[in-house]
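This briefing covers a chain interface and two positions in an annotated site. Please look over the sequence and structure first.

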Amino acid sequence: MTKDHRHPILVLYGSQTGTAEEVCERVVMQSRGSNFSCSCMALDDYNIEDLVNAEVAVFVCSTTGQGEPPDNMKKFWRFIMRKNLPPTCLADLKFGVLGLGDSSYAKYNFVAKKLCRRLENLGADPLLKLGLADDQHDWGPDAVVDPWVTEMWQKLINLHPVDEQYTSPLGSSLPPPGFNVKMENGNSSLVIRDQLFVNGNGMKQTYNRKHPFLAPVKSNTRVTSVDHFQETRLISFDVSAVSEELAYEPGDVVMIQPSNVKADVEEFLSALPFAADTPMVFEATTDCDFSIAIPKPVTLRELAKNYLDFMSVPRRSFFQLLAHVSSDELEKEKLTEFGSPEGTEERYDYANRPRRTILEVLQDFHKTTREISLERIFDIFPIIRPRAFSIASSPSKHKGELHVLVAVVKYKTRLSHPRKGLCSNWLSTLKPLTQVPIWIKRGGIRFSRNAPCIMVGPGTGIAPFRSAAHERSSSYSQAATVVFFGCRGKAADYYFEEEWKTLPVKFFAAFSRDQEEKVYVQHNIKENAVELWNLIKHKNACVFVAGNSKNMPDDVKSAFLDIFQAQGNMTSEEAQYFYEELQRNKRYQQETWS
Amino acid sequence: MENYVKKSQNILIVWHEGRPEADMKKILEKIKSNIGGGSIQLENQQRLKLASHGKSSFDISFLGVFSPITAISEDILIEIARIVKPGGRIVIRFAEADFSDVSSTLKLSGFVNIQQDKDGFVFGEKPSFEVGSSLKLKKAIKPTTPLDKNTVSEAKKVWSLSAMDMNDDDVDLIDDNSLLNEDDLIKPDAASLKVSCGSGDRPKKACKNCSCGLAEELESGKKPQPKAVTSACGSCYLGDAFRCASCPYLGMPAFKPGEKISLSDRQLKADA
């Protein structure tokens, strides 16, 4: 029991892109004012020793990559799987596991499934069945998340009924706000600079989400032909000041914290009833476990530009909160409908399917928007998430620089204005010298210097391989490099065309739309079956696949399985087993993105 | 035994090799006359599973009718539990058996309400809700006896000791793939992920103060007729959330009433 007699609940997550983290934040919001007190954090931030003494723990875990746990629970994973943990050590713990995954992947929700089983084997008592949320569901993960969380609360309430001084987590009344706001009046001579993130005082440090490096843009060039429908840009950042602290290797990933573009910020500010440039101080209330530090003081304009993700698609909790604050009959009725479980289909049709943004919803519900209070800003609006990009530059060849190859996301739904990817569109507008918050993350693929490498990277998937190819050539590596690239047309999007001619690699390009029949990377792979088999079987070669995750990785895998069967004289089972062996030995690695 | 059947029931009689003590024909006849229009299925114990009867198809199943049972396998019982209807019964005549042993075997196979009558017949009932996954044997190794507090606190000490050394280069890990069983590898059925898509089957909605007649058409159950593109209901300026399904302004942001908005050719064509 906590000091105020509320029951402590651990809410722990493993989150790669922030979805699991956001689910947990909503759970915490529900618990405000109730007889449950939630502590919410990433699994690797939790002091694992304490778990044996916890009463209730809720685990929300995504599965990422090829069936792996997200980065912020890798440490926890290696602990919980230790052989020496005895079967009754968690006997006093009640738990629930909610998995977030995508059933188009073979290892669908493996992390949640394994964790649930492991916890049971260690004696812990499940409160409710394992929840498996699926991106492939028409309604996305919320189709499972919402009912699972509801059931979880019901089970907890059964254990610890809510008495009158508290509100129920499942109640429909408005939970208390997460922040208190104070206006900073007077002192208008206070110059508020863009104090996004405070850089260290020149001392060497590691850069991360809390302390990113503000990298100036060096150049920002379009690399697809002007008449091609897809705009892709090569952006170079100046990292010469921090070449040691921001050291990277081919295969590594750069995290970029984007902001909203000016036009959207202006539209957002004009929808809200607040002054854009008054400095304010936000203090978190006791229940609020806020992972991002908000600068003090801060203006609404700064928040709109750098923090508030009003260009994302609203979730159910958004409509629920707005319904509460609304006093306009027509709008309140519609908001309540969208916020209710019965209104899920309507909400999906209104918001999710057309990818309607929070800003557009605010404009539809403009009366309610003017009733939003400042202290609810962080309850209502999610925070902008950082995005990951494979690094396209080579540390040796492009000294002091860091390159990313960015496909600018733009598409139409039935809404009249086209949909735009927040990060890619923001990046596309940046002029040289603009500062961008970045930090490095270890990538999913690692190149071995001495073994031959077979690299398959259609489209922007070529980025890590351009990095590796330059690095290998700069370090005079003797091992062979074979690159399979694919794109739509030689004149349209043949990335780094001139560079491949000068690099010591065997390069194969497939231009899918330059002729009548489609030619893809897998066709070129099959054509070179003999040589590829020789490299893999006799020269210890490693295979790398990077790019868009729809069908390409499976098509490429099929091509290799065919080679194993034909050249290696294997049955299809043997080929599959050979493929799995290669994976186990890190000789078949994949980095894919959607 | 024949007294336990009712009219029109489907009976399953599972027999095994052994010297019949009673006259099989006579027993069968008696059962037949008691069930009238029902049916009797005779099945040899060894061949029961091969027969693959449909699930929940029998009202009652007998074992040991012709000669009493000396041993019964869980496998057979589980199969019988599968093909007996919810609420249906199993009746077993044993030669000699310890009731508590028999009872726990029956429970593990999915039967409830295990009883023994004065003639020594053992009864069980299949629960009257479809049990589903609780019939499967769970892979989790949970202690079945109440835990000794000492055991648990010793176990917790091991955890704490282990946690003190988070440098895990030397620590052995289990193979986490061993945690998964066959069922875990099953992916959701594609149909279960689909929700009926809005555009086709869903009824068109009229806006709140509909004045174009769509609301009346919908109420009277008539299929809405395609109309020329006009707006008289006054809801068009409100935004997609409030517009009816045939609104020409769908997809456009909200605007002020009276504001001039030009519609593209695409938008001017009414939806069929």
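A salt bridge is a side-chain nitrogen of Lys or Arg within 4 Å of a carboxyl oxygen of Asp or Glu. By that rule, five salt bridges are counted between chain B and chain A. The model is predicted, so local features need pLDDT of at least 70 and side-chain atom pairs count only at pLDDT 80 or more, while totals for chains, interfaces and linings use all residues. Residues are numbered from 1 along each chain as its sequence is written, chains are lettered from A and ligands numbered from 1 in the order in which they are written, and side-chain values use heavy atoms, with hydrogens and water left out.

**Interface of chains A and B**

- In one of the salt bridges, D184(B) pairs with R117(A), and the closest N and O atoms are 2.9 Å apart.
- Contact (heavy atoms within 4.5 Å) links 50 residues of chain B with 62 residues of chain A.
- W159(B), L179(B) and F242(B) supply 15% of the area that chain B buries against chain A, more than any other three residues; buried area is the accessible area (1.4 Å probe) that two parts lose on being put together, summed over both.

**Annotated site in chain A**

- An unreviewed UniProt entry places a "binding site" feature at positions including Y520(A) and V521(A); such annotations may be inferred rather than shown by experiment.
- Beyond neighbours within four places in sequence, Y520(A) is in contact with A510(A) and S512(A).
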